[in-house]
Amino acid sequence: MTALLDIKDLRSYYGQVQALHGLEFHLSEGSMTTLLGANGAGKTTTLRAICNMVRSTGTIMFEGQSLNGKSTENIVRLGIAHVPQGRGTFTTMTVEENLQLGAISRKDTKAISSDIERMYNHFPVLKQRHTQQAGTLSGGEQQMLAVARALMLRPRLMLLDEPSFGLAPLIVRDLFKILGKINREDKVSILVVEQNAQLALEIADKAYVIETGRIVMSGNANEIASNEDVRKSYLGY
Amino acid sequence: MSTIQETVAKTDAAAVDAPPKKSMALGRTTSLVMLVALLIVPLFVKNFVIFQLTMLLIYGIAVLALNILTGGSGQFSLGQSAFYAIGAYAAAILIEIGNVNYVLTLPIAGIICFAVGFLFGFPALRLSGVYLALATFALAVAMPQLLKLGVFEPWTGGVQGLVVTKPDAPFGLPISQDMWLYYFTLVVALVIYIASVNLLRSRSGRAMMAIRDNEIAASAMGVDISMYKTLAFGVSAGITGVAGALGAIAVQFVAPDSYTFQLAIALFLGMVVGGVGWLPGSLAGAAFIVFVPNIAEGISKGLSGAFFGVLLFLVIYLVPHGARQGAIYAETLLHKLRRS
Amino acid sequence: MDLLVNQVLAGIATGAIYACMALAIVMIFQAIDHLNFAQGEMAMFSTFIAWQLMQWGVPYWWAFILTLIISFAAGVIIERVLFKPLAKAPVLTNVAGFIALFAIINSVAGLIWDFTIKQFPTPFGSSPFMGSQLISTHQAGMIGVTLVLLILLFLFFRFTRIGLAMRAAATLPESARLVGINTGWMIALGWGMATAIGAIAGILIAPVVFLEPNMMGGVLLYGFAAAVLGGLSSPLGAVIGGFLVGIFENLVGTYIPGVGNELKLPIALALIVIVLVVKPTGLMGRTVVKRV
């Protein structure tokens with residue numbers, strides 16, 4: 001397996017405050033990786049740094065190509081879909097328009113409508129609500145819409161920022177099941193940031209633990225899940 | 001990458017934005033030097049230059065008024081020309097029709113404008129940022145037409161306007177009318193300047209600045225937002241009215257088309273050039289709006305608008321904090337020189 | 001009754017001017033959340049360009065189209081060069097920028113074309129429209145053009161990908177970037193379109209108010225009133241607001257004694273203040289919740 005995403009010595013800053021202190025990790029093609037850690041550890045910052053939404057130094061390579069100095073929209077156009085915290089739904093537009101927007105940078109306009117149908121198969125509830133304003137959807141439905149919107153890009157890599165945030169446990173379980181399916185069937189590599197470590201470790205193949213802007217632990221997901229000490233000291237369950 | 005650089009630039013700018021409290025006014029030595037200069041200069045120049053200096057002080061007062069509003073309480077006004085006009089007309093009508101002494105017209109004009117500003121401030125209260133700019137813009141554009149109204153013509157003289165008699169120096173002082181008016185204006189300007197500095201240093205001033213920096217936080221601290229915002233509007237309008245009254249006396253003429261939106265632009269420009277929230281900068285800003293048009297018109301007629309515009313752009317790009325930035329720069333330079 | 005109907009009709013005719021102007025104002029407000037105080041001057045300058053082209057012998061409709069293209073390009077350039085650097089600056093700085101633009105354009109137009117009043121042709125003729133004395137064929141044409149423009153804008157924003165992208169960039173810039181939209185260019189595009197719409201407004205207005213550098217002062221104020229009444233975020237609202245303001249102006253002028261042309265601007269002022277105070281979101285605007 002080749003590295004899809006390779007990050008070296010990543011340092012990010014909010015004004016004068018340094019949030020990441022030389023982060024290093026890599027993601028294999030086709031993998032489902034999770035980034036775990038407590039509040040303020042730097043998980044969201046890592047995702048934002050990949051999309052150049054925060055001032056950073058270091059190297060980020062995607063498919064052998066450097067992302068440094070590229071604008072957010074151009075990074076997205078390379079095939080990195082980012083589902084931000086809070087979902088970033090265009091609440092005043094319809095569900096269908098949100099999906100259209102996900103594919104807005106694609107050139108192959110003909111395939112878009114069939115992709116929208118595919119999304120409706122993944123998430124039947126979105127089909128029921130396709131003419132509704134996205135703001136009227138429930139939290140879980142909006143999260144599904146956000147994932148579907150990201151997939152409309154036909155991404156090589158999908159970044160998910162706390163998809164479980166504010167959702168009922170049952171819905172979270174559903175969502176993660178679908179994510180696993182997407183990862184296997186559509187060959188989309190996924191990097192998911194989670195506070196709900198237990199659940200994330202269940203579906204991920206690989207896991208990194210981040211603390212105060214540094215990677216403190218990495219390994220296969222099941223190894224980390226079974227390591228009592230790691231669980232107690234970093235993951236808190 | 002572009003977003004990142006902008007964030008950096010902004011943090012740098014913010015450092016200049018919060019100068020030490022004392023730089024709200026000038027240091028004692030600088031103030032004295034300025035005062036002496038203002039006292040002596042008229043003795044050595046021609047009457048026309050004295051007149052221009054008088055206008056400099058008058059516009060200085062008007063810019064100061066806008067500065068109290070924007071720099072002090074964070075509200076915008078593109079409508080200062082309207083209050084200036086009301087003050088000017090109040091003075092002109094009182095002097096010419098009411099036979100009131102010109103000295104008395106100043107406080108009356110101030111009170112009238114305070115009242116108008118306070119009343120206008122009430123609805124404006126609910127507005128912020130662009131909306132307030134819009135409402136006051138409308139006021140400035142509409143004012144000349146209001147002044148031309150047929151109903152008021154017996155007092156305002158309609159489109160023709162009113163001629164105002166220039167006052168003589170009192171007590172048989174052996175100085176020209178222009179010079180007397182200059183010193184008279186200087187005294188008024190000093191009183192207003194000192195009062196304004198003290199106002200912004202007072203409890204009310206701190207309340208206003210708290211509103212400017214964060215309205216919601218200020219209200220959470222118990223600051224009566226609506227009271228202070230309207231008050232700032234009223235005070236600013238009142239001071240502008242005094243400037244307008246002085247202007248009417250100095251120019252000896254009021255007419256609706258002297259108080260168009262162009263005047264509002266000029267005052268706004270004066271504030272930006274002088275540095276928002278830095279009261280001494282008002283004089284620098286006023287100097288800019290009095291002398292620059294002359295220079296521009298000297299090059300080509302009708303060019304002053306373009307000149308103003310281009311300079312305004314240069315100021316907001318290069319020295320977004322106006323003359324204050326220059327002053328701070330000079331001060332640090334002076335410190336360095338002293339140390340070495 | 002007949003008088004009322006006629007006055008309403010005449011009001012709609014003048015309202016078409018305000019509607020056009022309000023459309024341009026709303027276009028920019030949508031893109032950057034600022035009111036462009038130089039919008040009227042930009043429209044005036046575009047109109048002068050059209051006039052100049054016609055003076056050089058370019059036929060009306062060719063001049064019209066050329067002017068739209070030039071205006072669009074100018075709008076994009078103004079945004080890229082002058083206002084892009086101010087994107088993150090405080091409101092005050094932006095207002096200063098618009099005012100500077102206002103002063104520059106007004107002054108330059110005066111320098112090039114001087115301040116004498118010029119006649120501007122109309123393609124619709126100026127005979128009475130369908131026998132009515134109050135509305136001329138030009139005014140009817142203006143109403144037609146405004147409505148066509150509104151429909152085109154609606155179709156553009158609803159059914160084209162670029163329109164969708166522009167809406168996305170205007171509502172949630174960060175999310176828009178995350179789906180690969182270059183939001184900076186969307187803003188520039190918004191400026192270009194607004195400038196072109198302003199040019200249409202100017203060209204339609206010029207036969208009525210005559211061409212000179214200060215022609216737009218009052219119109220812009222009424223355009224603002226219309227835009228505010230319509231809610232600043234809705235093109236449809238802007239057009240409806242424009243017609244309503246036109247009707248209101250006409251009815252007030254007819255039925256309230258002593259209020260004639262000389263109170264035109266104060267009426268606009270009163271309208272703006274009243275709408276902003278009573279219903280700041282206008283007729284069709286969205287309520288924006290401010291985060292603490």
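Guide: Before the sheet, one term: two strands pair if DSSP finds at least two bridges between them. Helices (H or I, at least four residues) and strands (E, at least two) are DSSP runs, numbered from the N terminus. This is a predicted model, in which local features need pLDDT of at least 70 and side-chain atom pairs count only at pLDDT 80 or more, while totals for chains, interfaces and linings use all residues. Residues are numbered from 1 along each chain as its sequence is written, and chains are lettered from A and ligands numbered from 1 in the order in which they are written.

Visitor: Okay, which strands make up the open sheet in chain A, and in what order?
Guide: The order in this six-stranded open sheet is β6-β7-β8-β3-β9-β10 of chain A, and the pairing is mixed. β6 (80–83) and β10 (214–220) of chain A stand at the edges with a single partner strand each, so one side of each has no neighbour in the sheet. From one strand to the next the twist averages 15°, where angles run from 0 to 180 degrees between N-to-C directions, and axes are lines fitted to C-alpha atoms, for helices over the stretch in contact.

Visitor: How many bridges join β3 to β8 in chain A?
Guide: Five bridges join β3 (residues 32–36) to β8 (residues 189–194) of chain A, and these two strands run parallel. A:Thr34, for example, has A:Val192 in β8(A) as its bridge partner.

Visitor: And which strands of the sheet does helix α6 of chain A touch?
Guide: Helix α6 (residues 139–151) of chain A packs on the sheet and touches β6 and β7 (157–161) of chain A, its direction making about 165° with that of β6(A). Touching here means contact, that is, C-beta atoms, placed from the backbone, within 7 Å of each other.

Visitor: What about chain A as a whole, what is its radius of gyration?
Guide: Chain A has 17 Å, which agrees with the value near 18 Å that a compact globule of 237 residues would have; the radius is taken over C-alpha atoms, and the globule rule is 2.2 Å times the number of residues to the power 0.38. The chain holds 10 helices and 10 strands, and 47% of its 237 residues are buried, meaning that 20 or more other C-beta atoms lie within 10 Å of a residue's own, these atoms being placed from the backbone.

Visitor: Switching to chain B, where does B:Pro42 sit?
Guide: B:Pro42 lies in the loop between α2 (28–40) and α3 (47–73) of chain B. B:Pro42 counts as buried because 20 other C-beta atoms lie within 10 Å. Apart from neighbours within four places in sequence, its contacts are B:Ile50, B:Leu53, B:Met179 and B:Tyr182. B:Met179 is 137 residues away in sequence, yet 7.1 Å away in space, C-alpha to C-alpha.

Visitor: How do α3(B) and α11(B) pack?
Guide: α3(B) and α11 (residues 225–251) of chain B pack at an angle of about 170°, with their axes 9 Å apart. That makes the two helices roughly antiparallel, the word used for angles over 145 degrees.

Visitor: Last one: how many residues of chain C are in contact with chain A?
Guide: 15 residues of chain C are in contact with 19 residues of chain A. On the chain C side, α6 (161–171) and α7 (173–178) of chain C each give two or more residues, and α6(C) gives the most, with six.

Terms used
Two residues are in contact if their C-beta atoms, placed from the backbone, lie within 7 Å. A residue is buried if 20 or more other C-beta atoms lie within 10 Å of its own, exposed if 12 or fewer, and partly exposed in between; C-beta atoms are placed from the backbone. Angles under 35 degrees count as roughly parallel, over 145 as roughly antiparallel, 65 to 115 as roughly perpendicular and the rest as oblique.
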